Amino acid sequence: VGQYYAKLDFAKMENALIERLVRALVESNDEMAMARNACDKINHEQWNDDDRNRFIDWVQYRDREMVEMVCRRMKDPDYGKYRLLRYYHWQRIADKGLPLADEVATVPKYAGEAYYMKGELLEHSQRWADAIQAYKASNREPDSLFRIAECMRRLKQTTQAIAQLREIENFFAPQAPEAALRIAWIYRDGKEEKQFIAALRGILKKYPRSGQSSTAHLELERLGVKMGGGVDAD
C-alpha cells in the first residue's frame with residue numbers, strides 16, 4: 001500500500017477519486033495516517049459545503065481528525081463550527097465541545113441549539129448546576145425544561161424538580177402525561193409511596209388514553225393497589 005501510495009500524483013486526481021482513495025485506505029487497508037494525508041489533498045476550492053457534509057456523514061464514524069479537518073474548511077465558517085460542535089456533542093467530547101459551544105452560541109442562527117448541546121455536554125460531565133444555566137439560555141422548551149428538571153433531581157433539589165415538571169404539565173399539553181409520570185418516578189425514588197401511588201392514580205384520571213396511563217396502571221397492579229377510589233394526585 002505504501003509503495004502504491006508513493007506513486008500517486010494528487011495534482012492530477014479529481015476530488016471524487018481522492019475521496020474513493022480515502023475510503024479504500026480506511027475501510028479496506030486500515031491505513032488511517034495515509035487516509036488523513038489523502039484527505040488533506042482534496043481540492044476544497046472544488047468542493048461545496050454539501051460535498052463536505054456528505055463526506056463528514058461517512059467519516060464521523062471513523063476518524064475525528066478528518067472530521068475536524070473538513071469542518072474547518074467549510075466555506076461558511078459559522079456552519080463549519082456548528083457542524084463540528086454537533087460531532088463533539090455526539091461523541092461527548094466535552095473538553096473540545098464546551099469552548100466551541102460558546103463560540104457557536106454567538107451566532108444567532110445556531111445559538112439555541114448550541115446552548116442546548118452545551119447543556120447536554122455539561123450534564124454528561126455531571127456539572128448539573130452549569131447545565132441548568134445552559135438549558136435556560138437555549139429557549140428550547142419544553143425539552144430544555146425536562147433536562148432542567150433532571151439536573152435538579154441529580155442535585156437532589158426534589159421540590160424544584162417537581163415544580164419544574166408541574167410547569168411542563170400545566171403549560172405543554174402534549175408533554176403533560178410524561179411530566180406527570182416523571183413526577184411519580186421522583187416520588188418512587190424518594191421512597192414516598194403514598195405520593196407515588198397518588199401520582200400514578202392522578203395519571204389514570206387525567207390522561208386515561210396516554211401510554212403513561214398504561215405504565216401507571218401496571219405500576220399500581222405491581223404494588224397491589226386496587227383501581228378506583230383512594231387518594232388522587234393533587
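Reply: A polar contact is a pair of N or O atoms within 3.5 Å; within protein, one must be able to donate a hydrogen and the other to accept it. The model is predicted. The side chain of S210 reaches the backbone oxygen of Y207 at 2.8 Å. A polar atom of the S210 side chain also lies 3.0 Å from the backbone nitrogen of S213. S210 itself is in the loop between helix 13 (193-206) and helix 14 (211-223). With 14% relative accessibility, S210 counts as buried.

Now the rings. The structure holds 10 aromatic pairs. One of them is F55 with W58: the ring centres are 5.6 Å apart and the planes are at 55°, so this pair is tilted. Both residues belong to helix 4 (residues 49-59), where F55 and W58 are 3 residues apart, about one turn of the helix. F55 has 0% relative accessibility and counts as buried; W58, at 7%, counts as buried too.

The rings of Y87 and Y88 have centres 6.0 Å apart and planes at 55°, so they also form a tilted pair. Y87 and Y88 are both buried.

Y116 has a charged neighbour: the charged end of R140 sits over the ring of Y116, 4.3 Å from the ring centre.

Note on methods
Residues are numbered from 1 along each chain as its sequence is written. This is a predicted model: local features need pLDDT of at least 70, side-chain atom pairs count only at pLDDT 80 or more; totals for chains, interfaces and linings use all residues. Side-chain values use heavy atoms; hydrogens and water are left out. Rings of Phe, Tyr and Trp (its six-membered ring) pair if their centres lie within 6.5 Å; planes under 30 degrees apart count as stacked, over 60 as edge-to-face and the rest as tilted. Helices (H or I, at least four residues) and strands (E, at least two) are DSSP runs, numbered from the N terminus. Buried means under 20% relative accessible area, exposed over 50%, partly exposed in between (1.4 Å probe, protein chains only). A charge sits over a ring if NZ of Lys or CZ of Arg is within 6 Å of the ring centre and within 35 degrees of the ring normal.
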